[in-house]
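Q: I'm new to this one and would like to learn how to read its features. Can we walk through it together?

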Amino acid sequence: MKNLLEKIDYSKIPHHVAIIMDGNGRWAEKRGKLRTFGHEQAMISIIDSLNACKELGIPYITLYVFSSENWSRPKQEVENLLNLFHKNLKKYLEVIHRKNLRIISIGCMEKFSDFLQKVLCFFIKKTKHNSSGTLVLALNYGSREEIIRATKNIAKKVCQGVIPLEDINDSFFQDHLYTKNLPDVDLVIRTSGEKRISNFLLWQSAYAELYFTNILWPDFRKKDFFKAIINYQKRKRRFGNIH
Ligand code: IPE
Ligand code: IPE
Ligand code: MG
């Protein structure tokens, strides 16, 4: 671990890291267990990643917890996931609060139970002034839904004459996304060997670096997070320019 830390360039720390935490089900199945067992283990990897962020001074981390497409899974799997959220949300949000992290959420929360919504709102308020970093939880999140929602809101304002068409630009559009006030994503990490984005932060990661690892999410540890950062720091980000 010490060796890895020595390779980190503290002048090139990403501002915003987003993680597609994939592979829980396969991790459990490989061990002859139910998929839920893999979901239960996910928290250890989350805490490790948050600790890594804190050590490196990464101010924003977004975690893909549940996608808008995950509702299409078998009923039992969705129920198991929701039960797990119910059982653990309070406990883990408290742990995150004690790490002095500000919690916010992106996604369409209305589809979750009143209890889940209340617990989340409570912690969003409670952690509002925490200053060690921001943890963004993507819950029932899908980029296409987010973009359509923003477009409808903007279209309404134009139709009602609140704004002229010419006012619509990058930053105006960004202000209508769930991620308004959040910086663009610098690095997307996806575990489990899949090399796709799965409807995650399409707008926000327009110029993000992508890092894929075969490690299944429940096995992902702090050292793996550091490896992703070291890899990121070797990239040449050009943003359309030539140097
Ligand atoms: C990620 O693990 C967790 C969620 C999407 C909720 P998966 O459940 O997708 O696990 P695999 O990809 O099937 O192994
Ligand atoms: C992406 O993983 C969503 C989350 C990690 C919450 P999925 O397992 O749902 O993605 P696909 O179906 O393999 O693209
Ligand atoms: Mg998956």
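Predicted model: local features only at pLDDT ≥ 70, side-chain atom pairs only at ≥ 80, totals over all residues.

Q: Are W217 and F220 buried or exposed?
A: W217 and F220 are both buried. Their rings also form a stacked aromatic pair, with 5.1 Å from centre to centre and 20° between the planes. The structure has 13 aromatic pairs, and ring pairs also join Y64, Y141, Y178 and F200 into a cluster.

Q: How do I read a helix, then? Which residues of α5 are buried?
A: The general idea is that an α-helix has 3.6 residues a turn, so residues three or four places apart point the same way. In α5, the buried ones are L116, V119, L120 and F123. They cover an arc of only 95° around the axis, so they lie on the same side of α5. On the other side, D114, K118, F122 and K125 are exposed.

Q: What do the buried residues of α5 pack against?
A: They pack against α4 (75-98), β3 (101-106) and β4 (133-141).

Q: How many disulfides are there?
A: Look for two cysteine sulfur atoms within 2.5 Å of each other. Here there are zero disulfides. Take C108: its closest cysteine sulfur is in C121, 13 Å away, which is too far for a bond. C108 is buried, at 16% relative accessible area, whereas C159 is exposed, at 71%.

Conventions: Residues numbered from 1 in each chain as written. Chains lettered and ligands numbered in written order. Heavy atoms only, no water. Buried < 20%, exposed > 50% of the residue type's maximum accessible area, 1.4 Å probe, protein only. Helix = DSSP H or I, 4+ residues; strand = E, 2+ residues; numbered from the N terminus. Arc of directions from axis to C-beta. Contact = heavy atoms within 4.5 Å. Phe/Tyr/Trp six-rings, centres within 6.5 Å; stacked < 30°, edge-to-face > 60°.
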